[in-house]
Amino acid sequence: MLKYEIIYHDLLQLIQSGQMPSGSKVPSIRSLKQQYACSTSTVQTALFKLEEQHLIYAVPKSGFYVVDHEMLPKPADQTIIDFATASPTWHHFPYRDFQHCMNKAIDMYQEDLFHYGTSHGLPSLLKEAQKLLESYQVFTGTNQIFVTSGVQRALSILSVMPFPNGRTRILVEQPGYHLYLGYLEAHAIPVAGIQRTAEGIDLNILEHMFQQGDIKFFYCMPRFHNPLGTSLSKKQKTAILKLAHQYDVYIVEDDYIADFEESTKNDPLYAMDIHDRVIYLKSFSKIMFPGLRIGLTVLPDNMIAPFQRFKRISDIDSSMISQGALELYIKSGMFLRYRDQVKQAYIQRALELQKALQKHLPDYQTPTVMAMHTHLTLPKHVNLPSVIRSLAEKNVLLEMMDEHYLDGFYQDKLLKINVSKVEKNQINEGIEKIADELNSGRHHFV
């Protein structure tokens with residue numbers, strides 16, 4: 001074994017055994033030279049190998065330190081059961097890991113801070129994004145990938161730029177992503193809605209709208225729909241792609257929580273598309289944190305030039321520091337390790353939610369497959385605002401579905417339930433309280 005390998009393995013053992021704990025300083029190069037009777041370059045080679053694996057990091061004029069994989073502490077107050085908030089649980093994120101990548105990115109890309117980036121995004125991030133997208137069954141070239149300041153920025157660009165079909169109207173699912181619906185209405189962009197239920201979409205209505213609705217693109221969430229939590233069947237996805245090709249309509253696929261997909265058979269629309277009809281969007285807001293403001297857009301070849309032109313006007317480039325940190329986070333393997341860990345936590349919550357719904361609300365229709373959010377279909381005689389107010393007094397938070405619909409579109413009586421901010425041990429208690437209110441008869445219209 002070479003001398004640098006001996007130093008590397010000895011330090012690695014100290015880190016893994018906890019003898020050199022997270023945040024502690026690594027012995028200096030001078031002391032390691034004396035201990036192992038070797039040259040400076042030999043010690044540096046061992047340290048650089050540990051740094052490449054993100055086990056240690058360098059602090060200028062100070063030395064090397066062990067990366068701290070500590071997660072943020074859980075909040076002390078767990079009296080509130082929040083089924084309303086959709087953002088990820090912040091204390092699940094290993095912030096020290098990402099802080100290390102952020103610091104490293106500042107060192108690596110300091111010159112780039114004084115220049116605008118490329119129109120597509122940081123080239124080294126695009127390469128890592130290409131590999132990551134393959135894990136979602138999205139196979140594409142780096143020239144088709146754009147980095148934007150979140151998926152909402154990509155949606156705003158797509159909404160105003162011209163499409164090859166020359167059309168102007170956007171079709172959205174109802175209910176749907178509330179922030180995008182708000183954007184379309186605020187900017188008076190021509191929009192139409194189509195009902196989405198637990199069973200999916202009525203394909204006859206979809207065909208009629210594709211044929212006569214002047215539809216530019218259809219914005220949809222085939223997997224883990226927000227807010228319903230359901231996914232389209234393979235049969236429906238195949239039919240949607242066929243209709244899109246037949247009537248010259250594009251599909252904008254928002255695959256925002258692809259990270260939580262368990263079934264290897266439930267591919268995105270993009271993987272099934274053979275006619276270049278699908279524009280694929282991937283967010284990191286739910287798997288990491290919303291403040292990162294990084295989204296990925298994958299475009300057909302004929303959409304690259306117009307998207308690039310409109311992006312430069314409205315978005316120039318996303319934060320170079322955020323892009324560099326994300327690149328290092330993915331490249332080091334930290335992202336995949338964290339993704340697998342957080343995925344299992346959310347899957348356990350989803351299973352606990354399903355079990356609680358079956359136990360306390362067996363007579364209510366609920367989806368059979370869930371991620372971290374789902375919905376209940378309520379009888380027409382239930383006074384939903386009254387239910388929500390009463391539960392809030394018992395520290396159980398829920399929200400109405402109003403903002404998930406376009407103005408004037410027919411609304412089903414749905415109750416959305418999200419467990420992304422609810423601890424596993426709170427889920428059963430929260431659902432039991434919801435069941436008590438729904439079954440009490442106190443919230444029925446007379």
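Start by selecting Y250 in this predicted model: the residue is buried, with a relative accessible area of 3%. Residues under 20% count as buried, so Y250 falls well inside that class at 3%.

A pair of aromatic rings is described by the distance of the centres and the angle of the planes. By the pairing rule, the model holds eleven aromatic pairs. Show both rings and you will find one of them: F163 and Y250 lie 5.5 Å centre to centre with 75° between the planes, an edge-to-face arrangement. F163 sits in the loop between α6 (151-160) and β5 (169-174), while Y250 belongs to strand β9 (residues 250-254), so the pair links distant parts of the chain, 87 residues apart.

Keep these two on screen and bring in F217: together, F163, F217 and Y250 make up one aromatic cluster. Then show the side chain of R277, whose charged end sits over the ring of Y250, 4.6 Å from the ring centre.

For a second stop, move to Y329 and F335. Which geometry does this pair have, with ring planes at 70°? The pair is edge-to-face because planes over 60 degrees apart are classed that way, and the ring centres of Y329 and F335 are 6.4 Å apart.

Finish at K282 and F284. Here the charged end of K282 sits over the ring of F284, 5.1 Å from its centre.

Notes. Residues are numbered from 1 along each chain as its sequence is written. This is a predicted model: local features need pLDDT of at least 70, side-chain atom pairs count only at pLDDT 80 or more; totals for chains, interfaces and linings use all residues. Side-chain values use heavy atoms; hydrogens and water are left out. Rings of Phe, Tyr and Trp (its six-membered ring) pair if their centres lie within 6.5 Å; planes under 30 degrees apart count as stacked, over 60 as edge-to-face and the rest as tilted. Helices (H or I, at least four residues) and strands (E, at least two) are DSSP runs, numbered from the N terminus. Buried means under 20% relative accessible area, exposed over 50%, partly exposed in between (1.4 Å probe, protein chains only). A charge sits over a ring if NZ of Lys or CZ of Arg is within 6 Å of the ring centre and within 35 degrees of the ring normal.
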